[in-house]
Amino acid sequence: MLKVINVVGARPNFMKVAPIVEAMKRRATEFAPLIVHTGQHYDARMSDAFFLDLGLPEPDVYLGVGSGTHAQQTAGVMQGFEPVVFREKPDWVLVVGDVNSTLACALVCSKMGVRVAHVEAGLRSRDRTMPEEINRLLTDQLADLLLTPSTDADENLRAEGIPSSRIRFVGNVMIDSLFAQLERAANSKVREELGVSGTDYAVLTLHRPSNVDDPSAFGRIMDALEQLCKRLPVIFPAHPRTLARLAEFGFAQRVAHARGLRLIEPLGYLDFLRLYSGARLVLTDSGGIQEETTALGIPCLTLRENTERPVTLKHGTNTLVGTDVQRILRAAHAALDTPRINGPQTSTLPLWDGHTADRILDALIEEQG
Ligand code: UD1
């Protein structure tokens, strides 16, 4: 029986951990899972809503770290997590993704001699100004078992000198959640509530510091949106960081005056899935949404100059557009002028098949010997 601490911290972690914990509960003779929530995200709409939508059990431990500078947040998670590991003595600690909680918990374990498995290992944007890139590089150096979503990640890890014996290509666990929840999401009435049922519309998400903390980058994105929303409604569920910057930079007025641009509160997992799965176009700077749109065959414009998920570009659903107004608009109109092709893309994306969680569990068992 393996005792595993599963760490969640921020919004993009919940949909990765939910299928893993579900599989561990199903395989109860092999696994005893615990959930530790660091509290990096704490608002009901950024956290609680996801536990409910994804059927994640209540965390066994809540560290309540909250917001802060990178150093404060990372140190806060480390200080809170160390005594938990000391008390629980797990066989494995499983961390996912690239948020500050991921690195903080991996670092605690590596010093305590507790084995760490990193889910979504090996992704690289090669942009070290992104805090997530630092978290990815360091977590992968520390982890004992590197579980990759795509084969480009295996190549990245080997190029950094990580031995093949630590690397396992298991597929994309976020797609397990996507396929598991598609049917339930069909009951969401979010499209009707927003008045876009049966209409062509776009969905926008934006939260990267490089876009929203920089008034000129954010301003250029606003310029493009003001044009785009003349062609079709753009629904914009806004992250708390983004809302704060909108107010700070005086952009709230511009949003209010842009007819067709609808700023709304962050949505839960099922409502958001229902919303973007019916969209004609998605614009985002998120990592996960690039993958989710790819899995469903929805055109996605990524408001960044690079991506750690090149498989989405190769697949053809995702396009990097940066923050240049004309580049965004050209790509948006081109996507809207192309006939819709969406539908699940499982056959062309190796191991994005809804069964990654079980492969992760098998890898842990195999590693245990
Ligand atoms: C974090 C992750 C990022 C991930 C994103 C998803 C890191 C370095 N960044 O960025 O990789 O894509 O989550 O959402 O780990 N806030 C709230 N309520 C909350 C959480 C945050 O109001 O529940 C506000 C606070 O003002 C905070 C700001 O949002 O200062 C930013 O939150 P933070 O956790 O620092 O980073 P994110 O931008 O959310």
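**The shell around the ligand**

By class, the shell around the ligand holds five nonpolar, eight polar and five charged residues. Here Ala, Val, Leu, Ile, Met, Phe, Trp, Tyr, Cys and Pro count as nonpolar, Asp, Glu, Lys and Arg as charged, and the others, Gly among them, as polar. This is a predicted model, in which local features need pLDDT of at least 70 and side-chain atom pairs count only at pLDDT 80 or more, while totals for chains, interfaces and linings use all residues. Residues are numbered from 1 along each chain as its sequence is written, and side-chain values use heavy atoms, with hydrogens and water left out.

Of the 18 residues around the ligand, the nearest are Gln40, His41, Asn100, Glu132 and His207; a residue is near if one of its heavy atoms lies within 4 Å of the molecule.

**Domains**

Domain 1 (2-171 + 353-368) and domain 2 (182-336) each contribute at least three residues to the shell. The domain bounds come from an automatic or database domain assignment.

In the side chain of Glu132, an N or O atom is 2.6 Å from an oxygen atom of the ligand. For His239, a polar side-chain atom lies 2.8 Å from a ligand oxygen atom, and for Arg241 the distance from a side-chain N or O atom to a ligand oxygen atom is 2.9 Å. Taken alone, the ligand exposes 750 Å², of which the protein buries 84%; these accessible areas come from the Shrake-Rupley method with a 1.4 Å probe.

Note on methods: Polar contact = N/O pair within 3.5 Å; in protein donor to acceptor, adjacent residues only side chain to side chain.
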